[in-house]
Amino acid sequence: MGTPEFPGRLQATFVPDPDVPGDGAMAFWGTPEPAAEAAALGLPAARAAAGTRLPTLLPHGGSLVDADVPALLVPVGEAVGALAALAAARDEDDGDEEDEEDEEGAEEAHAVPEHLWDHSVRAWAVAARLALEHVTAGHLVPALSEAGEGRVRAHWRAETGGDPRLAALAQALPAAAHALRTTAPSPDGTPGEARVWSPLALLTAFCDAVADACARAQSPAAPADSWTAALAGATDVSAPAGLTPERLAEWAEAGGGERAAARLCLRLGTPAGPDALWPLTFHVEAVDEPGTLVSAERVWDSGSGTLAVAGRVLAGPQEALTEGLGRAARVFRPLAAALEESRPVRVLLNPFQAAELFGDTATALHTAGIGLAVPDALSGGHDKHGENGGHGNVLAPRLRVGTRRTARKNAGAPPGRTVTYRWEAVVGDEPATPDEVALLASRGEPLAPWRDTWVRLDPDRIDDLAGLVGKTGRLSTAEALSIALCGRHRTDEFGDVPAVADGSVADLVARLREAGRRTEPDLTGVHADLRDYQRRGVAWLQSLTDLGFGALLADDMGLGKTLQTIALLAGRTGDRPRLVVCPTSVVSNWERELARFAPGLTVVRHHGTRRATDPAAFAPGAVVVTSYALLRLDADLLASVDWDLVVLDEAQQIKNHTAQTARAAMRLEARSRVALTGTPVENRLSELWSITHFANPGLLGSHRRFKEQFAGPIERDGDKEAAERLRAVVTPFVLRRLKSAVVDELPAKMESTVPCDLTAEQARLYRAAVADALDGDEGLGTGSRRQGNVLRLLTHLKQICNHPVQYLHEEETTATGSLAGRSGKLMRATEMLGEAVAAGDRALVFTQYRVMGDLLSRHLAAELGLDDVPFLHGGTPPERRDAMVDAFQHDDTASPILIISLKAGGFGLNLTRASHVLHYDRWWNPAVEDQATDRAHRLGQTKTVHVHKLVTADTFEERIAALLESKRSLADAVVGTSETWLAELDDDALRALVRLADSEESTGAGDPTLSAATGETA
């Protein structure tokens, strides 16, 4: 089963003694030899027994398992002083480091090896200080427990009086601090299931143990009687006369058992009538288990320092009630009158005062440690912090989008270009009539009766709402659909309001959801065996396009988006031509795939100097294949055709909505539009807007509004609610499947970052480039000039890390010479590729630089004894490109290494014969690199693909590589297009990023300056 996960750092747990509290011990564990680390904290490790094991729980395989770990047990009386001193040292260390009077304390604090111990030790250090505070204040009381055979045991316990600090510490107590297995007896006395101590129970037992140990240490040397002797040291004495088992049980109930700190809880009731006042009654409850309330009447009648409730004992309930009312009155002024009463039990509130308990006052009371219970019917609209949640009995505005039809004969017809919306006022999901809203407005109160219940409303906005109820307006169909899908809409009148679909819009939403459930396609004219997930993809594409909607097929690279689209094209009627736009490098691939899988389709290649100039050349039913370059060049011609279907392959080409390519794509007229891309979002959400706007114009609103409602909140603030709303809108129109989820037979992809050393020449050039840019007389400048200088510096550093020849522009002088010995990265790449070639494997090498690709091609051929190492780049003619790919895939005598420029080979290639992918230099965009890697890791691959990403150690390459690993989730993305985001760093952060670390320095991946500047947690 393997071994449970060991913490590796010193932990602390309190182990109570079942008989005498003062005999409890602190257990230090978590490392194989905890005594050494404990000794550094000032603990008397030498007195601990050897071989002690602590019964605890450790994580293993996603769950917790029983484990007995080596531990150092130190008696609580000996440990508490050292722990309290540790807490004091921490406080001094957190104070003003510039105060000369604290310098000695700060030095002592820094002397503690904090890196050796974990948060549980710190938590018990705080607990020790709190416990000693109560002992010093004299908060000790004697206690009695049964010892059996007519004898009782006397000891001391701490009377903490519901100390809120203790309750707060219990809530924050780390799991390791109370990970002590114990067995709770079942009702019939048999052992129960193993569990760990609750945090508050263990803290309470610890305080009692400290109180008992300290009290015994200070007891008289010659006790006067047996009871004093029992409290001083001897624990068992004969039960005194008259102490029957019943009285002993009463004593135990009052002073023993599981004790709980008490706190004040305010409970708001509802009025007896429409014009009556709102009762706010007072109660106490357990801090750690709120909800079981004890009325103030019972508290005052108890007349004792404890109160038994639900099998537990509340300590100091009267003090908790009185002290809590004092704190609550400072937050909520209507409570001040209750402080003048000797036995306060409630106050009466008017509707405005009662309404305060649903807003900021509720948050303030919670912060002050006061419980608050309000009627369930009214509480749904606010959470425990008083924030409006939009549910419960709250009168609120709502939009009903779409008009319900009276004639059902048109129920299946799609809506027109615009649809109607109507304003409503609702309580929960129940609409209120205009007359009811007018009546509520006439009261002018924030809490009012409505039908058979009470509702909350905003007195300042109720008149505006009453004036809007029943009013109508019109929206575009796309906007109405978007609102209906996410369930909310931002309005000028009330900001963000809920919305529901009705009539034609509701019908449309239902048909969209039904389209997503279709699994069987119409495979007319397709000569291919499709996998199950591909069949579902074709069915989904057919369903959406049949409804007249566009679609974004965003399957992972290599899952067959082209084949699924060909199946869609083949199954459509032939009354109009269809258009496929793709990168120039894959025009030929589309022609071949169409001919292979749909031979019945007529394919027209719109490319080259002999391409058509007349729309009539595009016959109905023909599939026209063209490139993005010609989409821009022939925009007028292509926009003049009435297309049946337009397909954009590698649709990230239109991710910039302001670019000419995206504008040309938006001009294309078609029944439906389909976008294909494995990376719908590479860096920013605006890219998703651009592609979605092509497929379904207007669905996400204008670009400005999209930034305000979605992109800004998600990218800047990590707004999960905004992300959920965006997902609700786009999900029906986006199909995204990952290889790992749908293709069981695809082999693994093993990724590794390979650090490479700089040569002396590289290090010298690197330091000089940094100094010249950052320490020159003019510095980096400001504005756009600064941005250009930063990007220029990063480019220079990249070139230096690649090879000095690239940076120094020595390509011509080294045309016939050797490149070896001058670049650590080149040496490492040569070694790795040599091993791959020797093993009979094939490899792809990606670089973003044309110059570096040429250098690699020449160097690797010479060093590895190869006749030729081809380099495929953007300037490679299509015929030559096809020949390179075919030779690599099928010719055993061809070069086993193919060098590819990242942008030219990032899509449209099937190179599954490669089992190694080497990224020589990094493009700071994980999505682009993944696209390139998936040229090899795709359907048809039979071997494990090894992905090697080269970075130069102790340079900015290594730091950014570590940083970007945490940027792969869109919700956390702050990285802009390419490297432009780096230009936004201030000078200090930039210097920390690009500096060349000496051997004794730490790397920038954990540099606090860089982490703070980029929002990362080191």
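The questions and answers below go through the predicted model above, from its overall make-up to single residues.

In this predicted model, local features need pLDDT of at least 70 and side-chain atom pairs count only at pLDDT 80 or more, whereas totals for chains, interfaces and linings use all residues. Residues are numbered from 1 along each chain as its sequence is written, and side-chain values use heavy atoms, with hydrogens and water left out.

Reader: What percentage of the residues in the protein is buried?
Author: The secondary structure comes to 37 helices and 37 strands, where helices (H or I, at least four residues) and strands (E, at least two) are DSSP runs numbered from the N terminus. Burial is judged by relative accessible area, with buried meaning under 20%, exposed over 50% and partly exposed in between, using a 1.4 Å probe and protein chains only. On that scale, the buried share of the 1018 residues is 51%.

Reader: Among contacts between residues at least 6 apart in sequence, what percentage joins residues at least 24 apart?
Author: A contact here means heavy atoms within 4.5 Å. Among the contacts in the protein between residues at least 6 apart in sequence, the share joining residues at least 24 apart is 70%.

Reader: Which residues touch the most other members of the largest nonpolar core?
Author: A nonpolar core is a set of buried Ala, Val, Leu, Ile, Met, Phe, Trp, Tyr and Cys residues joined through side-chain atoms within 4.5 Å. In soluble globular proteins, nonpolar side chains tend to be buried together. The largest core has 106 residues, and those touching the most other members are Leu395, Val401, Leu481, Trp590, Trp643, Leu648 and Leu726.

Reader: Which residues is Leu481 in contact with, leaving aside its neighbours within four places in sequence?
Author: Leu481 is one of the residues that touch the most other members of the largest nonpolar core. A second, separate core of 44 residues includes Leu83, Trp117, Val135 and Val210. With neighbours within four places in sequence left aside, the contacts of Leu481 are Leu508, Val509, Leu512, Phe549, Leu699 and Phe733.

Reader: How do the axes of helix 28 and helix 29 run, roughly parallel or roughly antiparallel?
Author: Axes are lines fitted to C-alpha atoms, for helices over the stretch in contact, and angles run from 0 to 180 degrees between N-to-C directions. The axes of helix 28 (residues 760-774) and helix 29 (residues 783-802) come within 9 Å and cross at roughly 175°. Angles under 35 degrees count as roughly parallel, over 145 as roughly antiparallel, 65 to 115 as roughly perpendicular and the rest as oblique. Helix 28 is therefore, relative to helix 29, roughly antiparallel.

Reader: Which residues of helix 28 are buried?
Author: Helix 28 has 15 residues and reaches 21 Å from its first C-alpha to its last, close to the 21 Å expected at 1.5 Å a residue, the expected span being 1.5 Å times one less than the number of residues. Its buried residues are Glu761, Gln762, Ala763, Leu765, Tyr766, Ala769, Val770, Ala773 and Leu774.

Reader: Is His134 buried or exposed?
Author: His134 is placed in helix 4 (residues 119-136). Not counting residues up to four places away in sequence, His134 touches His139, Leu140, Glu159, Thr160, Asp163 and Arg165. Because its relative accessibility is 8%, His134 counts as buried.

Reader: What is the phi of Glu650 near?
Author: Most residues other than glycine have a negative phi, and most peptide bonds are trans. Glu650 lies in the loop between strand 29 (642-648) and helix 23, and at 8% relative accessibility Glu650 counts as buried. Its phi is a positive value in a residue other than glycine, near 50°.

Reader: What is the phi of Asp954?
Author: Asp954 lies in the loop between strand 37 (945-952) and helix 35 (956-965). At 23% relative accessibility, Asp954 counts as partly exposed. Although Asp954 is not a glycine, its phi is positive, at about 65°.
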